[in-house]
Amino acid sequence: MADRPKVAALIVAAGKGERAGGVIPKQYREIGGNSVLFLAAKALLGHPAVDRAQVVIGEGQREAYETAVMGLSLPAPIIGGETRQQSVRNGLEALAATESPDIVLIHDAARPDTPPAVIDRLLSGLGAHIGAIPALPVTDSLARTDGSTVDRSAFVSIQTPQAFRFEAILAAHRSWSGAEPATDDAAIARAAGHEIALIEGDAALRKLTFAEDFAMSAAGPTPFPPVR
Ligand code: CTP
Ligand code: MG
């Protein structure tokens, strides 16, 4: 039997959380007694296919980080950059400099709940593709800012974790030449010519972005009620 692939989770937590406000960045705030980052990391590390996790944090966030991840088995954090893309890049380079995994799950620290079935689907999606990403249909009507509506069935909303063959996503990041930073890693993989599999996402993966998102998740680690 072939060896099981080595899977690493790369969790980016180097943002400032400006839209959420508050005294400390959103990923270090608590919901239901644990930090958002703790929950995000625990959900990934709890999956039997995930071997290890690496977190990327911002300059000056070391203290908040140590408090937030107490009790988890994690290596020293890597320092991120000005943009999410740079933070991911720093994390990928750090993984490459230690022991490169076969597969990397790139994840936002601001998404505290990843159901195990999503990781199962992502890893299955990698069977035939370089990358697999969770997507959900858009349920609200969509319009351009000038007011004209567009056909929402042509769009999906994209979540994390996003799964990639490690060497391919590392090479794609190194060769990126876009003028603006990409908002996710699937865009970077596509720019390098890779076709990405869309797998079914989950409402639980939604990102904590605004202060109201915390109020909604006060009852526990599942940040949103299920979408009906
Ligand atoms: N992130 C990062 N490095 C950055 C910017 C963002 O690691 N320079 C991370 C955030 O910590 C978060 C994820 O990328 O886990 C998604 O970004 P977002 O939701 O935009 O978080 P922030 O950038 O922190 O929030 P805001 O844009 O409201 O300031
Ligand atoms: Mg941001």
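Which residues have the most contacts inside the largest nonpolar core? They are Leu 10, Ile 11, Ala 13, Leu 37, Ala 41, Val 104 and Leu 105. The model is predicted: local features need pLDDT of at least 70, side-chain atom pairs count only at pLDDT 80 or more, and totals for chains, interfaces and linings use all residues. Residues are numbered from 1 along each chain as its sequence is written, while chains are lettered from A and ligands numbered from 1 in the order in which they are written.

**View 1. The largest nonpolar core.** This core has 55 residues; such a core is a set of buried Ala, Val, Leu, Ile, Met, Phe, Trp, Tyr and Cys residues joined through C-beta atoms within 7 Å. A residue is buried if 20 or more other C-beta atoms, placed from the backbone, lie within 10 Å of its own. Helix H1 (residues 36-45) gives the core its largest share, eight residues.

**View 2. Surroundings of Leu 10.** Leaving aside residues up to four places away in sequence, Leu 10 touches Gln 54, Val 88, Gly 91, Leu 92, Leu 95, Val 104, Leu 105, Ile 106 and His 107. Contact requires C-beta atoms, placed from the backbone, within 7 Å.

**View 3. The shell around ligand 1.** Of the 23 residues around ligand 1 (C-beta atom, placed from the backbone, within 6 Å), Val 12, Ala 14, Gly 15, Glu 18 and Arg 19 come nearest. Strand S1 (7-13) and helix H3 (84-97) each supply at least two residues of this shell; helices (H or I, at least four residues) and strands (E, at least two) are DSSP runs, numbered from the N terminus.

Technical notes:
Buried ≥ 20, exposed ≤ 12 C-beta atoms within 10 Å, placed from the backbone. Contact = placed C-beta atoms within 7 Å.
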